[in-house]
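Let's take a walk through a protein together. Have a look at the sequence and the model, and then we'll go through some spots one at a time.

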Amino acid sequence: MERFVQRLDKAKEAIDEADYVIIGAGAGLSTAAGIDYGGDRHERYFKDFIEKYGFTDMYTSSFYRFETPEEQWAYWARHIFANRYDVGKTDVYTKLLRLVADKEYFVITTNVDHQFWLNGFGDERIFATQGDYGLLQCSKACHDKLYENEELVSELLENTSDCKVPSELVPYCPVCGEEMDVNLRKDNFFVEDAKWHEMSDKYYDFLNDIDGKFVFLEIGVGFNTPTIIRFPFEQMTYNNDDATLIRLNLDYPQAIEENKDKTISFDEDVEEILDYWLSRI
Ligand SMILES: [Zn+2]
């Protein structure tokens, strides 16, 4: 790789010359923003669960199969609170918005923590493909309506004891009576509501309507679900002479061979990179 500052300048030039910026964001962006699923944050929010279940971080514990819905909802209320309602604005997302504020931009993200909205990105410019911690759905997807959960989450938090919530607070589907679930894509029952489809259409319309130079700014997208952002960005970069791919990734910054002249890779700290670009606006 070229020297850091050379890559920074080259990427900044590509952003300056672009009329359109498509941000593709994965877990690494929220980690960079301080929404860390392990370490101190995990211990601060989950002390009782760590003692009882031996959890090591919020990522692995989110796959844990609890024996009862009372335990499951005690866990999830805490997880949602920690990563959705108790976070607010973050410097990294705020800086990212400043970087693209005067561009035609669009966001596609696999993140479910609502950070793009919380930091002021336009609601009509965000396609969150994998769901949102703040929404509930029928666990059997019997209908495609989503339900805000902020009030329920605070009620569950207040009434948790010994890592359990009272049975009467466990939410059930108002249509079929099955249990509710958080709107996260983890099985075939993920609900894509009307808004999801509207934003999916807007994303593809945005890509189709591009007329001029554009940049794919990919941040923190690994190989968990590469077919959503990483591979399509590579494909579209390969197919378009007007495209540049800027890839920020601590672990997998590499360009594919076919795109190596059109990709600028960074494995450095996201906030440091944003600070450098913003200092040159
Ligand atoms: Zn149902």
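Grid points are joined across faces, edges and corners, and a volume is the space filled by probe spheres set on the points. You're looking at a predicted model, where local features need pLDDT of at least 70 and side-chain atom pairs count only at pLDDT 80 or more, while totals for chains, interfaces and linings use all residues. Residues are numbered from 1 along each chain as its sequence is written, and side-chain values use heavy atoms, with hydrogens and water left out.

So what turns up in a search of the whole structure? There's one cavity of 30 Å³ or more, and the volume of the largest cavity is about 30 Å³. Its lining includes Gln137, Ser139, Asp181 and Phe189. Strand 6 (residues 180-184) gives the most to this lining, with three residues. Strands here are DSSP runs (E, at least two residues), numbered from the N terminus.

Now for some cysteines. The UniProt record, an unreviewed entry, puts a "binding site" at Cys138, Cys142, Cys173 and Cys176. They're spread over 39 residues of sequence, yet they cluster in space, with a largest C-alpha distance of 8.7 Å. UniProt positions are given in the numbering used here, and such annotations may be inferred rather than shown by experiment.

Are Cys138 and Cys142 buried or partly exposed? Cys138, in strand 4 (residues 131-138), counts as buried because its relative accessibility is 0%. Cys142 sits in the loop between strand 4 and strand 5 (147-148), and it counts as partly exposed because its value is 36%. The cut-offs are under 20% relative accessible area for buried, over 50% for exposed, and partly exposed in between (1.4 Å probe, protein chains only).

Leaving out neighbours within four places in sequence, Cys138 has contacts (heavy atoms within 4.5 Å) that include Cys173, Cys176 and Phe189.

Last stop: strand 8 (residues 243-248), where six of six residues are buried. In a regular strand the side chains alternate between the two faces of the sheet. On one side of strand 8 you'll find Ala243, Leu245 and Arg247, and on the other Thr244, Ile246 and Leu248, all buried. Strand 7 (residues 214-219) pairs with strand 8 in the parallel sense over six bridges; pairing takes at least two bridges found by DSSP. Val215 stands opposite Thr244.

How values were computed
Helix = DSSP H or I, 4+ residues; strand = E, 2+ residues; numbered from the N terminus. 1 Å grid on protein atoms, 1.4 Å probe; cavity = no way out; pocket = protein on both sides within 12 Å on 5 of 7 lines; lining within 4 Å.
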